[in-house]
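Here is a short note on the model, as numbered points. Please read it with the structure open.

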Amino acid sequence: MKNRKRFGLVPLAAAMSLAVIVAGCGGGGETPKSGTPAGQGSEPAQPNAKKLDISVSFFNIGLAFPNRDADEYLKKLESKFNVRFVDKVISYSDYKEKYQLWSASGELPDVFSHDIINTETYYSWIKQGIIRALPSDLSKYPNVEKVLNLDDTKSLRVDGKVYMIPRLTYRDYDTWAMERALIVRKDWMEKLNLKDPTTFEEYKAMLRAFAKNDPDGNGKDDTVGVTFRSATMIPAIAAGTFPNLLNASWVKEDGKYIPYFASPKMKDVAKQMRELFVEGAIDPDFAIMKTNDGIEKFGQGKVGAISMQATPNGLAKLNAAWKKYNKDVNFEDVVKVLPPSWKSDDGNWYRYTAVTFWSESYFSSKVDDEKMDRILQIYDYLLSDQFKIDKQYGIEGKDYRKEGDKYVITREKNDQGEYKTIGSLYPSFNLFGALAAWGQELEFVENEVNDIAYGAKLAKMSRDGLKERVASHKPVPTNFKVELLYTPAKAKLSAVNPTEDLIRVMLGKEDPAAMWDSTVKGYENKGLSQAIQEVNDEVQKQGLDK
């Protein structure tokens, strides 16, 4: 997953002082009664009688519609709600830039996925009418209403209005534990006589050996120590020195809360990350790689470790890349999952934790009330128990049948006699599967469906890892009330990119600690001290430290 930004309650008046970022257009109002389009008076109408085009942008949407006529699930949903889904393609690498451009030109899709809660962009878009509010009465959409009344989400209102639907990832804090991990070549470790590392020096020695000691035995200098799925995963390598790197959270030091990047501990992090890079432990191309490039590189068999998720889905993605280049070697036989970093000075391993969601669904202000009603009907279905069954089993009568409480899988098999995955049968699940919620807790259920989707051995590897981490690794000390808190200056810190700055320090030639110290001083121009003051004032005022 990407960087998590945290959220809070804020009166819109407080956001009015924010600088205008882009120009927008007017918003919609309340949703009319279902099936009564504007202009038809009280004449009853067929519910959803008018077919609507709904434009959508989502991170995986480029894979969703390769052949509309062959996707029976796409046809099912479009028929059920009398709509046609129109894709506006984004990727993890370009979504921020595209949304900025589309918002300025008035071309945002009807529905789009973004992670801007509590940022200047969010409040500017509300102020300018670029995004529209949901109806005040959501009782027609009970599953949507339920999501917006969870502990982590019920405070996400601006002047009493809701401007997005949080995309739930997990239902509890603990299940995030496998979102940061180091997946390593255990066969290389065995060949190089390396034990599981626990200290910085041991991690460095292992990663450097992967890069320098010819683990693939071809006599060439062509292997890499550690690479990364995305830039988000880079700081996790040094979390043993500073656990809050894992979830980019605010930390309490010397009696007050500060953003992790303002901590003096970051100087040690800068030194160690520079050392790892200079000594060849880190992929030399890491700074120019795009999201998922590291997965492909690992699959090519030239990488000793990758920093990424070790969830069932994460392992399955890595396995898919591996199979492209290694037909005769099973992925699960040559890898193991290690903690993302070394033990901390207090003797503990730490694990990733976060609030229950990452990213949000937004709705263009050009969406009128009739279309908003249709969109919310769709979201309510995508958040339903029935959709959870669809997501796991497919279409009843075609892919499965029910025998009492048991689901019997009847879906097609491939040439190897294995059941085809739901995603291969219905590519539209690249959109629908996570449009309203990631729902990743389903991955950790021990059942036949997950064995088919992720492979039985990999699913078990991830489940076992989750159990072990929850039992023996401490969650990163995080006050989620502070993470969810809004203040104007705290929102402006969204303009800071500590990971990008850390990369610059890693690549630099000057003293890394001094470079980081200079970096933090530069954050003062973006309101760092003011943000710290505002946050701590609110912590005291609201009693958020209890």
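**Notes on sheets and helix packing**

1. β5 and β9 pair in the antiparallel sense over four bridges. In this pairing, A181 stands opposite M308 in β9. Strands count as paired if DSSP finds at least two bridges between them. Helices (H or I, at least four residues) and strands (E, at least two) are DSSP runs, numbered from the N terminus.

2. On provenance: this is a predicted model, with local features needing pLDDT of at least 70, side-chain atom pairs counting only at pLDDT 80 or more, and totals for chains, interfaces and linings using all residues. Residues are numbered from 1 along each chain as its sequence is written, and side-chain values use heavy atoms, with hydrogens and water left out.

3. Which sheet holds β5 and β9? They belong to an open sheet of four strands, in the order β6-β9-β5-β10. The pairing in this sheet is mixed. β6 (224–228) and β10 (335–338) are the edge strands. Each has a single partner strand, so one side of each is left without a neighbour in the sheet. From one strand to the next, the twist averages 20 degrees.

4. The other pairings of this sheet are as follows. β6 and β9 run in the parallel sense and share four bridges. There, V226 stands opposite A305 in β9. Strand β5 (residues 181–185) pairs with β10 in the antiparallel sense, again over four bridges. V184 faces K336 of β10.

5. Is β9 mostly covered or mostly open? It is mostly covered: six of its six residues are buried. Buried means under 20% relative accessible area, exposed over 50%, and partly exposed in between (1.4 Å probe, protein chains only).

6. Helix α7 (residues 200–212) lies across β5, β6, β9 (303–308) and β10. The helix runs at about 105 degrees to β6. Axes are lines fitted to C-alpha atoms, for helices over the stretch in contact; angles run from 0 to 180 degrees between N-to-C directions.

7. Five strands form a further open sheet, in the order β2-β1-β3-β12-β4, and its pairing is mixed. β2 (83–87) and β4 (165–168) stand at the edges. Each of these two has a single partner strand, so one side of each is left without a neighbour in the sheet. The twist averages 25 degrees from one strand to the next.

8. I165 stands opposite S361 in β12.

9. How do α8 and α20 cross? The axes of helix α8 (residues 265–278) and helix α20 (residues 498–507) come within 8 Å and cross at roughly 55 degrees. That makes α8 oblique to α20. Angles under 35 degrees count as roughly parallel, over 145 as roughly antiparallel, 65 to 115 as roughly perpendicular and the rest as oblique. The crossing is right-handed, meaning that the near helix is turned clockwise from the far one by less than a right angle.

10. The α8 side of this contact (heavy atoms within 4.5 Å) is V269, A270, M273, R274 and F277. The α20 side is L502, V505, M506 and L507. These residues divide into eight nonpolar, no polar and one charged. Ala, Val, Leu, Ile, Met, Phe, Trp, Tyr, Cys and Pro count as nonpolar, Asp, Glu, Lys and Arg as charged, and the others, Gly among them, as polar.

11. K127 is found in helix α4 (residues 120–128). At 34% relative accessibility, K127 counts as partly exposed. K127 and T356 are 229 residues apart in sequence and 27 Å apart in space, C-alpha to C-alpha.
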